[in-house]
Amino acid sequence: MYDVTIIGSGPGGYVAAIRCAQLGMKTAIIERYSTLGGTCLNVGCIPSKALLDSTEHYHLAKHSFDVHGIEVSGLKVDLARMMQRKNEVVQQTCDGVQYLMKKNKIDVYHGHGSFVNAHAIEIAKTDGTKDSLETDKTIIATGSKPSSIPGVEIDKQRIITSTEALTLEKIPEEMVIIGGGVIGLELGQVYARLGTKVRVIEYLNSILPTMDRALGKELQRVLKKGGMEFYLSHTVKNATVQGEKVTVIADNKKGEEVSFSGDYCLVAVGRRPYTDKLGLENIGIQTEKGQIPVNDHLETSVPGIYAIGDVIRGAMLAHKAEEEGVYVAEYMAGQRPHINYLAIPGVVYTWPEVASVGHTEEELKDKGLAYKSGSFPFKALGRARAANETDGFIKVLADKETDEILGVHMIGARIADLIAEAVVALEYRASAEDIARISHAHPTFTEAMKEACLAATEKRPIHL
Ligand code: FAD
Ligand code: NAD
């Protein structure tokens, strides 16, 4: 009998398992695939960032080295080697999780887990045999799978998801991407840098529509310079495959039918929670819009059964899943953990990078909150000029009366790491003046945060 069993070994599940074991619980984890780490490590965060980093090197060598006085000749891409490196990074990372399970004495079961009842789980193994285990409590961390839209059937050959886009063997000449969200832009930039003609079709009137609108606007401007094409306010009607080509038909904003052709169509319109064959009916849990409903303590309608990560409400982010994994482990152990969802950052790993934390300007307007705003452009930053990275800005939104920072929205070089300061500011309820009065090393990109806070607090940036 286990104290706790975790179904799914993604960032939610494996982190929950480690924290449960640290807290002295006898812990088991079940994973239907042969490697641990879930979407994030196998077909998500890690492989996509490996390809983004590789193609960034190529892009810089091709387009930016000359500015620095460096000449390169004979530059070419070996896609097979690039993919092999990506696979090696994935394998090392997954092996790391395997090691952590062993180190923490967590029993790993490979196979598809399903509830027989609230305390018994059956594991269907790939060789057709079955295992079973008994458990006091369970954490469901089964994650998500790509979704599609009516008229677009994913065949994984020509109409593909991010999973297939991470393993293409040949650089496509043309790729049509449905969805101008995170996956569409990150993987779009990977292939655009490799020379693919990338066209992004987005239903709404902005890319990255859930982030502060200023970010999508600036990113679109920069990505357009890199050759990507954007078709906003387009409603995709269908996608069809003829031989090695895909045709996507959409209505533009005037209602006229337009057609796009590509070697591949990447469908990147969001992901759906994954609860297939989990046996939820055997324990009386009903999904809502595909998600497993949970209370404030992440407990389902069945006492002792919790759910975390992509399979429940909220942003589909690895670090959100991790926080929830730790939360449930500590809550089960009788502690009083807390998650501040407003202070969970969102990052897009294109170049320039994009990141956000807290409220967007649109949300503050909708809520009728009085706020002040300050921005600082990277082009006014000495370090950005030295690095030849002058695209982007940092925008700080603060409460009009109290000066408390309510949201920070950034686009530019090294933003994925810079957002950490804004997260700390939000978590500790700093005012814009607090951050503006902290010394920021010169010359660094972090100075843009200090300057944006100065701009927000008293409209008195130093270098603008
Ligand atoms: P998952 O990682 O999906 O793991 C769930 C696991 O459960 C899977 O391994 C699955 O096989 C297993 N499972 C499911 N059902 C069963 C069952 N019945 N029995 C046994 N095992 C089961 N997020 C970020 O924060 N940063 C990024 O840079 C980022 N990049 C991404 C790039 C791509 C291309 C994609 C697709 C996603 C990316 N994400 C990123 C999102 C991130 O991957 C997810 O938010 C995260 O993996 C969710 O973690 P999870 O533990 O909830 O689920
Ligand atoms: P997303 O929600 O980020 O973007 C989907 C986009 O598709 C949206 O802009 C949406 O308006 C658009 N769309 C929806 N229906 C459409 C239609 N019919 N026609 C055209 N456009 C349409 O989803 P995603 O990019 O598929 O990513 C899935 C999840 O994975 C996201 O929740 C994201 O958080 C996560 N992810 C995170 C990262 C990261 O943190 N860097 C990277 C990749 C994926």
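**Pockets, cavity and ligands**

The second largest pocket holds about 940 Å³ of space. A pocket is found on a 1 Å grid over the protein atoms alone, as an open set of points with protein on both sides within 12 Å along at least five of seven lines, and its lining residues have an atom within 4 Å of a point. Grid points are joined across faces, edges and corners, and a volume is the space filled by probe spheres set on the points. This is a predicted model, in which local features need pLDDT of at least 70 and side-chain atom pairs count only at pLDDT 80 or more, while totals for chains, interfaces and linings use all residues. Residues are numbered from 1 along each chain as its sequence is written, chains are lettered from A and ligands numbered from 1 in the order in which they are written, and side-chain values use heavy atoms, with hydrogens and water left out.

The lining of the second largest pocket comprises 35 residues, and E56, H59, L60, W351 and E389 lie nearest the centre of this pocket. Two or more lining residues come from each of α3 (45–63), α6 and α7 (213–225); α3 gives the most, with nine residues. Such helices (H or I, at least four residues) and strands (E, at least two) are DSSP runs, numbered from the N terminus. By class, the lining of this pocket has 14 nonpolar, eleven polar and ten charged residues. Here Ala, Val, Leu, Ile, Met, Phe, Trp, Tyr, Cys and Pro count as nonpolar, Asp, Glu, Lys and Arg as charged, and the others, Gly among them, as polar.

The structure also holds one cavity of 30 Å³ or more; a cavity is a set of grid points where a 1.4 Å probe fits but cannot get out. The volume of the largest cavity is about 60 Å³. Among the residues that line the largest cavity are P146, I183, G270 and R271.

A residue is near a molecule if one of its heavy atoms lies within 4 Å of it. In polar contacts (pairs of N or O atoms within 3.5 Å), the side chain of E186 has an N or O atom 2.9 Å from a nitrogen atom of ligand 2, and a polar backbone atom of G270 is 2.8 Å from an oxygen atom of ligand 2. Taken alone, ligand 2 exposes 830 Å², of which the protein buries 78%; accessible areas come from the Shrake-Rupley method with a 1.4 Å probe.

Ligand 1 is surrounded by 39 residues, the closest being E31, T39, K49, G113 and A318. A backbone N or O atom of G113 is 2.8 Å from a nitrogen atom of ligand 1. Taken alone, ligand 1 exposes 1000 Å², and the protein buries 95% of that. The largest share of the shell around ligand 1 comes from α2, with four residues.

Definitions and conventions:
Polar contact = N/O pair within 3.5 Å; in protein donor to acceptor, adjacent residues only side chain to side chain.
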